[in-house]
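Work through the exercises below with the sequence and the model side by side. Try each task before reading its solution.

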Amino acid sequence: MSYKTRIIGWIACSVVGMVMSIILSIAFVATGFDVVTYAILFSLSQVISIAGTCFLSTPQGHCKAMKKKHRIIPSIVYFLSIIATIVIAVATQITALVFLFLVIQVVAYYWYTISFIPFGTKIAKKLCQCCL
């Protein structure tokens with residue numbers, strides 16, 4: 001697969017995941033969408049976004065990168081938050097709790113993504129410290 005094709009695949013998955021998340025959020029607020037359906041579809045959009053990174057490397061290479069020392073915790077938190085979001089939505093249907101895990105999911109996704117940028121997590125930590 002050429003470099004150009006990989007970049008296009010990564011961008012396409014990222015954009016589809018982001019647009020899907022935005023449209024789902026608008027539909028949820030505007031129409032009173034079912035919280036279970038929303039949680040499942042939103043989590044799916046997050047998986048599509050992260051799947052795009054497999055275009056930048058092979059799926060095996062991506063899994064290997066996820067296990068690196070500085071990425072293992074964000075990886076675990078990200079995937080556990082996706083599972084927890086769906087389980088809580090189906091089991092309890094408590095909207096506030098579902099949204100809490102959706103926020104954790106999104107923060108973990110961005111933290112995981114930042115970990116691929118050299119010194120990205122250090123910069124993000126400094127920014128958070130400055131803001132607090």
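The exercises move from the whole chain to single residues.

This is a predicted model, in which local features need pLDDT of at least 70, side-chain atom pairs count only at pLDDT 80 or more, and totals for chains, interfaces and linings use all residues. Residues are numbered from 1 along each chain as its sequence is written, and side-chain values use heavy atoms, with hydrogens and water left out.

**Exercise 1. The whole chain**

*Solution.* Start with the DSSP runs: helices are H or I of at least four residues, strands are E of at least two, and both are numbered from the N terminus.

Next, take the box along the principal axes. The C-alpha atoms fill roughly 40 × 40 × 25 Å.

Then turn to burial. Buried means under 20% relative accessible area, exposed over 50%, and partly exposed in between (1.4 Å probe, protein chains only). Of the 132 residues in the chain, 32% are buried. The chain exposes about 8,300 Å², an area from the Shrake-Rupley method with a 1.4 Å probe, where for residues only the protein chains shown count as cover. Carbon and sulfur atoms supply 78% of that surface.

Finish with contacts, meaning heavy atoms within 4.5 Å. Among those between residues at least 6 apart in sequence, 66% join residues at least 24 apart.

**Exercise 2. A helix pair**

How do helix 2 and helix 5 pack, and which residues meet?

*Solution.* Two packed helices are described by the angle between their axes and the distance between the axes. Axes are lines fitted to C-alpha atoms, for helices over the stretch in contact, and angles run from 0 to 180 degrees between N-to-C directions.

Helix 2 (residues 35–51) and helix 5 pack at about 5 degrees, with axes 11 Å apart. Helix 2 is therefore roughly parallel to helix 5. The classes are: under 35 degrees roughly parallel, over 145 roughly antiparallel, 65 to 115 roughly perpendicular, the rest oblique.

Now list the residues. Helix 2 contributes V35, Y38, A39, F42, S43, Q46, S49 and I50. Helix 5 answers with T95, V98, F99, L102, Q105, V106, Y109 and Y112.

Zoom in on S49, in helix 2. S49 is buried, at 5% relative accessible area. Beyond neighbours within four places in sequence, S49 contacts C13, S14, G17, M18 and Y109.
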